[in-house]
Amino acid sequence: MKLSVVKQRGLWWAISATLIIISIVAMVISWQQLGAPLRPSLDFVGGTRLQFERDCTQPNNCTQPIETSDVREVVDAQKLNNSSIQVVGKNQQGISIRTKTLDVEQRTQLQTALSQKLGAFDPKATQIDTVGPTLGRQLFSQGLLALVVSFAAIVIYLSVRFQLDYAVIAIIALFHDVLITLGVFSILGLVTGIEVDSLFVVAILTITGFSVTDTVVIYDRIREILKLHPNDRIDKVVDDAINQTLTRSINTTFTVLLTLFSLFLFGGETLRNFSLALIIGFTMGAYSSIFIAGSLLAWWRERKSQSQVGNTAESIDTSASSQDS
């Protein structure tokens, strides 16, 4: 079966445009409600995060799942009304609370009140983290700088190895992958309260590397076919290149996704959002490499070729008119 990617590019672009619009709308709504396009974690905004889990070795301590309303009642009584609360853990026997920076006495008071309301907590599963706002801003700025530097390095590399239009289109495909990944996490932040942390920035940088690798493979094949058949139409060249590399792209992505799904299912709470971001980004990266980068390149080269033909024809007409005069 041979894909006609360029011929059906309107369909691929419509799918991507729909996903991008949904992502942008979600981030706008998130900005209005949360003051940020994604729900930021403690890593970026600073404060204290407390995570407790019931001790299920004690009799009748874990018979019912924890209710968010019960946690909210205790937290509000401690005058921490703007805190973020999530029920986590197996069978919803754990809680995660993100609030303003608390000192040792305040943390102890909150933990004691929660234990009295919900039952005894397992001390081995208790996690308390405090991050200052200065460190949060520093992490955000460094992550953003790393992303900008990586994009600039990719443009330079592809411009040297291929041509500038290859590089520009590859960056457009990268923006496509990153934007949709951000959009999904924006929606999850609004619906389920999922937060993004410093590991999410690492995931975004990893996504850019994977997506470019897949795109470069297709670009290499396009260049090879153009050398062998310089007179072939660009849409045929792109379709041939995509179909020749399609099996490799699918197998590579599928193999990586198997590992990421294992990490998502069995890697624990800390790595769950990281692996989820990679799953979304790698899937979008494979999609954009096959259906977006190649079709955009073919469209751009067609326009460029038509423009050159038009300029040549105009020059011939001008020259003929001058000779007649």
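This briefing covers the pockets, some helices and a few single residues of one protein model. The model is predicted, so local features need pLDDT of at least 70 and side-chain atom pairs count only at pLDDT 80 or more, while totals for chains, interfaces and linings use all residues. Residues are numbered from 1 along each chain as its sequence is written, and side-chain values use heavy atoms, with hydrogens and water left out.

**Terms for the pockets and elements**

- A pocket is an open set of points on a 1 Å grid over the protein atoms alone, where a 1.4 Å probe fits and protein lies on both sides within 12 Å along at least five of seven lines; lining residues have an atom within 4 Å of a point.
- Grid points are joined across faces, edges and corners, and a volume is the space filled by probe spheres set on the points.
- Helices (H or I, at least four residues) and strands (E, at least two) are DSSP runs, numbered from the N terminus.

**The largest pocket**

- The largest pocket holds about 780 Å³ of space.
- Its lining has 29 residues, and the closest to the centre are Arg49, Gln51, Glu269, Thr270 and Asn273.
- Two or more lining residues come from each of β1 (47-53), β2 (84-88), β3 (94-99), β4 (127-131), α7 (198-228) and α9 (269-324).
- Helix α9 gives the largest share of this lining, seven residues.
- By type, the lining of the largest pocket has eleven nonpolar, ten polar and eight charged residues. Here Ala, Val, Leu, Ile, Met, Phe, Trp, Tyr, Cys and Pro count as nonpolar, Asp, Glu, Lys and Arg as charged, and the others, Gly among them, as polar.

**The second largest pocket**

- The second largest pocket holds about 570 Å³ of space.
- It is lined by 23 residues, and Pro37, Leu38, Phe44, Phe140 and Val196 are the closest to its centre.
- At least two lining residues come from each of α2 (42-45), α5 (133-161), α6 (164-191) and α7.
- Helix α5 gives the largest share of this lining, seven residues.
- The lining of the second largest pocket divides into 17 nonpolar, three polar and three charged residues.

- The expected span of a helix is 1.5 Å times one less than its number of residues.
- Helix α1 (residues 9-34) has 26 residues and should span 38 Å; its end C-alpha atoms are 37 Å apart, which agrees.
- Arg9, Trp12, Ser16, Ser23, Ala26, Met27 and Ser30 of α1 are buried. Buried means under 20% relative accessible area, exposed over 50%, and partly exposed in between (1.4 Å probe, protein chains only).
- An α-helix has 3.6 residues a turn, so residues three or four places apart point the same way.
- Just after α1, Gly35 has a positive phi of about 80°.
- Helix α7 has 31 residues and should span 45 Å; its end C-alpha atoms are 46 Å apart, which agrees.
- The N-terminal end of α7 is capped by Asp197, with a side-chain oxygen 3.1 Å from the backbone nitrogen of Leu199.

**Residues in a helix or strand**

- Thr253 is part of helix α8 (residues 234-266), and Thr253 is buried, with a relative accessible area of 7%.
- Leaving aside its neighbours within four places in sequence, Thr253 is in contact (heavy atoms within 4.5 Å) with Phe210, Asp214, Phe282 and Ala286.
- Asp129 is in strand β4, and at 31% relative accessibility Asp129 counts as partly exposed.
- Leaving aside its neighbours within four places in sequence, Asp129 is in contact with Leu42, Gly47, Thr48 and Arg49.

**Residues in loops**

- Glu195 is in the loop between α6 and α7 and counts as buried at 12% relative accessibility.
- The side chains of Glu195 and Arg98 are joined by a polar contact of 3.0 Å. A polar contact is a pair of N or O atoms within 3.5 Å; within protein, one must be able to donate a hydrogen and the other to accept it, and residues adjacent in sequence count only if both atoms are side-chain atoms.
- Asn60 is in the loop between β1 and α3 (68-77); Asn60 is not a glycine, yet its phi is positive, near 60°.
- Asn60 is exposed, with a relative accessible area of 68%.
- Lys79 is in the loop between α3 and β2 and has a positive phi of about 60° although it is not a glycine.
- Lys79 is exposed, with a relative accessible area of 68%.
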